[in-house]
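Here's a quick briefing to read alongside the sequence and the 3D view.

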Amino acid sequence: MKITLAAILALSALGLSSTQSAAQDDPAPGSNDLDTVSIKSASGDTLSLQQKSTQTEALQITDGIFQATGFGNSFLVVTDEGNVVIDTSLPQNAAGHKTLLDAVSNKVPTYIIATHAHGDHVGGIPLWRGKNTQVIAQENSVEFLHYQKRLSGFFALRNSAQFGLDIAKPDVGDTYPGNFEADIPATILFDDKYEFRLGGLTFVVESAPAETLDALTVWIPEKSTVFIGDLIYESFPNIYTLRGTKPRWALDYVRSIEDVLQLDAEIMIPSHGEAIKGADAVRAALTRYRDAILYVHDATVAGMNAGKDVYSLMEEIKLPEELALPEQYGTVKWTVRGIYDGYAGWFDGNPSSILSIKPNASNVSLVKMAGGPDAVVAQAEALFGKGEDLSALSLAESVLSVDPKYKPAWAVRLKILEKLHKNSANFNEAGWLGYGIRQSRKALEE
């Protein structure tokens, strides 16, 4: 399996440029090291979820702007009157990033700007912030931080599953952390736009909702440089993320990208990956991304209005060749469903869906009618042998819904998931398949 930069972004990933090779060094599924994910940078360094970057000095993007690369990049803008830090990475990476950037200039930053409130952007704020440092964020970051705190147990479970970590156990004594208990680091909150000058530079901080409602961009006109946070990646975006989040609106991405296009920037700096340089290259990257998102959005809406169900649209909608993007982070299928469900909600139009009937309620009768668990598992094995993996998995899951301790069903489930994991080219998908593999192995050991 080969995974590029965008595939690693699901873990607030290691930044690599589009010209860098990112080879997947996973052992084959089924080995003891299933959860190790690593990629190689252009310098040959192996960067994995268990390792930090071996970067020894800050990368100079342009005069006065420097980058520390890691699980979410950190940036330093140096001026004669003070420094500005843009994004601070995860807490565990912040110290290393600070060391690299302090070697350029160790002044306490005058401003810290968070392009949004995900942990790989705000995790290092306490380390960087001085007594008089102003922290700038878009005002929606307040609710977003409360939301993340409110569902901290849920996200601990989902993140540990998706990212191949030890499966977290919910703290039954703290299942309700409160609705408004998050720490809010920002000292300056703005709605649409906030602007300041420092050391002869103008910093235009503007709301740019996309991956989150509090996302923002930072435009420095004197350097024709824009920081875009997570507005675009090298892969199709994660407009729906498997770990769960509030709806991400496709048209928000489109509008925010169009706002950046209006700047005609010479340098565009994402928070994952390296800068894109040259106005033509910047414009091309933004335009393709915008058009791909808009194509999927419009095709989904057209299908909804034509009365098509979400599963049909997930299979039907494909990007045309000229807009095709790698799908190693988000996918078109997940985006179609995210758009459909975001607009319509959970009700699928089937009256039985409002009657609290569990999806697998009929499985007890169906498995019995099919001749019992042994017969159903035998059929699953036969389908697996023919390469009909998804049908085989469905049958195994049907048996497990009836008898969660039926080991032959766990065994065939394990074989199917190992095969799917080996062939997966999407980091998020591979994470959840890996979770299913660990689940199955554990059930077989019990």
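**First sheet**

β3 and strand β4 (residues 65-68) run antiparallel to each other, paired over three bridges. Strands are said to pair if DSSP finds at least two bridges between them. Keep in mind that this is a predicted model: local features need pLDDT of at least 70, side-chain atom pairs count only at pLDDT 80 or more, and totals for chains, interfaces and linings use all residues. Residues are numbered from 1 along each chain as its sequence is written, and side-chain values use heavy atoms, with hydrogens and water left out.

- In that pairing, Q60 sits opposite F66 of β4.
- The open sheet here has seven strands, ordered β3-β4-β5-β6-β7-β8-β9, with mixed pairing.
- Its edges are β3 (59-62) and β9 (188-190), each with a single partner strand, so one side of each has no neighbour in the sheet.
- On average, neighbouring strands of this sheet are turned by 25° against each other, direction ignored.
- Helix α2 (residues 91-102) packs on the sheet and touches β4, β5 (74-79) and β6 (82-88), with its direction at about 145° to that of β4. Contact means heavy atoms within 4.5 Å, and angles run from 0 to 180 degrees between N-to-C directions, with axes fitted as lines to C-alpha atoms (for helices, over the stretch in contact).

**Whole protein**

- The protein has 15 helices and 15 strands. These are DSSP runs numbered from the N terminus: helices are H or I with at least four residues, strands are E with at least two.
- Take the contacts between residues at least 6 apart in sequence: 65% of them join residues at least 24 apart.

- Strand β12 (residues 216-220) pairs antiparallel with strand β13 (residues 225-229) over three bridges.
- I220 stands opposite T225 in β13, and V218 has F227 as its bridge partner.
- The β12-β13 hairpin has four residues between the strands, and S224 takes a positive phi near 45°.
- On the β14 side (residues 267-270), β13 pairs in the parallel sense over four bridges; V226 has M268 as its bridge partner there.
- Five of the five residues of β13 are buried, so this strand is largely enclosed by the rest of the structure. T225, F227 and G229 point one way, V226 and I228 the other.

**Helix packing**

- Helix α7 (residues 250-261) and helix α8 (residues 279-305) pack at about 160°, axes 9 Å apart. That makes α7 roughly antiparallel to α8. Angles over 145 degrees count as roughly antiparallel, under 35 as roughly parallel, 65 to 115 as roughly perpendicular and the rest as oblique.
- Residues in the α7-α8 contact include V254, I257 and L261 of α7, and L286, I293 and L294 of α8.
- Helix α6 (residues 152-162) and helix α15 (residues 427-445) have axes that come within 7 Å and cross at roughly 95°. That makes α6 roughly perpendicular to α15.
- R158, S160, A161 and Q162 of α6 meet N428, G431, W432, Y435 and R438 of α15.

Conventions. Buried < 20%, exposed > 50% of the residue type's maximum accessible area, 1.4 Å probe, protein only.
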